[in-house]
Amino acid sequence: MDEKIVKLREMVRDSDNIVFFGGAGVSTESGIPDFRGVDGLYKQKWKYPPETIVSHSFFEKNPEEYFRFHREKLVIDGVKPNTAHLKLAELERQGKLKAIVTQNIDGLHQSAGSKTVFELHGSIMRAYCSKCRKVYDADVVNHGKNVPHCTCGGIIRPDIVLYEEALDDDVVSSAIRYIRNADMLIIGGTSLNVYPAAGLINYYRGDRLVLINRSETPADRYADLVIHAKIGEVFSQI
Ligand code: CNA
């Protein structure tokens with residue numbers, strides 16, 4: 001482990017165009033459960049698997065159940081960025097890190113102070129009417145008991161990309177541009193199971209591909225450095 005940390009430190013020292021690509025595992029140390037990790041939502045009891053509930057067709061058919069899950073499992077009041085979020089923000093301030101590409105929807109990178117964040121799956125910190133697209137304060141979807149409605153009658157929804165929905169073209173093309181130009185790509189806290197997001201790492205062309213994840217991922221064999229550990233603990237050492 002120590003040798004790996006030394007190598008990681010050297011790679012960070014020698015890079016000035018770092019991009020971080022992350023997922024739910026980045027926020028577990030803040031107390032937000034991931035989907036597939038050891039304490040993930042797949043291991044918890046709920047009537048449907050999380051990815052069924054967080055899908056477009058389920059949202060349309062069963063908004064009451066969707067909002068119950070959303071408010072109970074996706075929104076956790078009082079969460080704070082952890083060491084990984086804070087270190088990434090610091091690397092950006094130092095001019096070493098150029099962008100974060102995240103699959104997370106929790107807004108914790110911005111809370112930590114990061115500026116260039118591409119949220120592939122949107123954010124629960126924003127909301128809009130699914131019919132007229134009027135923008136609403138996220139509080140109306142994140143709290144309360146009922147399905148929130150717009151003055152036009154449409155359902156107000158979180159500004160997240162549900163399964164079966166397309167990613168935002170501008171967000172994807174910007175993320176690709178940054179990944180393609182990066183001299184170092186750090187992938188962390190993601191099972192790399194969810195496509196098309198996971199496919200974006202294939203645009204990286206450099207020789208400093210680092211993977212930090214608690215469990216194995218399909219990209220371990222391509223990486224120049226693989227660390228199977230908690231990302232907050234790793235980042236506290238660089
Ligand atoms: P995932 O499929 O749940 O995988 C998470 C990965 O992170 C697993 O391989 C874990 O082993 C690993 N992991 C968990 N904790 C740590 C840690 N402390 N340090 C290092 N590794 C850790 O999640 P993905 O992001 O890969 O899947 C994509 C989905 C999950 C996206 O659509 C997200 O929107 C969705 N999601 C997001 C959040 C969030 O915003 N915080 C929470 C839950 C799910």
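The legends below describe close-up views of a predicted model.

**View 1. The residues around the ligand.**
The shell around the ligand holds 29 residues, and those that come nearest are E29, F35, R36, T190 and S191. Sorted by class, this shell has 13 polar, 10 nonpolar and 6 charged residues.

**View 2. Contacts between the ligand and N or O atoms of the protein.**
I231 places a backbone N or O atom 2.8 Å from a nitrogen atom of the ligand. N213 takes part through its side chain, where an N or O atom is 2.9 Å from an oxygen atom of the ligand. At G25, a backbone N or O atom lies 3.5 Å from a nitrogen atom of the ligand. The ligand taken alone exposes 850 Å², and 96% of that is buried by the protein.

**View 3. The largest pocket.**
Which pocket does the ligand take up? The ligand's space is the largest pocket. This pocket has a volume of about 1,000 Å³. Its lining consists of 47 residues, and G23, A24, G25, D34 and F35 are the closest to its centre. The lining divides into 21 nonpolar, 15 polar and 11 charged residues.

What is the make-up of the lining by class? It has 7 nonpolar, 7 charged and 1 polar residue.

Most peptide bonds are trans. The bond from Y195 to P196 is cis, and its omega is near 10°. P196 is found in the loop between β7 (184–188) and β8 (209–212).

**View 4. The backbone at R133.**
Most residues other than glycine have a negative phi. R133 is not a glycine, yet its phi is positive, at about 70°. Where is R133 placed? R133 sits in the loop between β4 and β5 (135–137).

How values were computed
Residues are numbered from 1 along each chain as its sequence is written. This is a predicted model: local features need pLDDT of at least 70, side-chain atom pairs count only at pLDDT 80 or more; totals for chains, interfaces and linings use all residues. Side-chain values use heavy atoms; hydrogens and water are left out. A residue is near a molecule or strand if one of its heavy atoms lies within 4 Å of it. A polar contact is a pair of N or O atoms within 3.5 Å; within protein, one must be able to donate a hydrogen and the other to accept it, and residues adjacent in sequence count only if both atoms are side-chain atoms. Accessible areas come from the Shrake-Rupley method with a 1.4 Å probe; for residues, only the protein chains shown count as cover. On a 1 Å grid over the protein atoms alone, a cavity is a set of points where a 1.4 Å probe fits but cannot get out, and a pocket is an open set with protein on both sides within 12 Å along at least five of seven lines; lining residues have an atom within 4 Å of a point. A molecule sits in a cavity or pocket if more than half of its atoms lie within 2 Å of its grid points. Ala, Val, Leu, Ile, Met, Phe, Trp, Tyr, Cys and Pro count as nonpolar, Asp, Glu, Lys and Arg as charged, and the others, Gly among them, as polar. Grid points are joined across faces, edges and corners, and a volume is the space filled by probe spheres set on the points. Helices (H or I, at least four residues) and strands (E, at least two) are DSSP runs, numbered from the N terminus.
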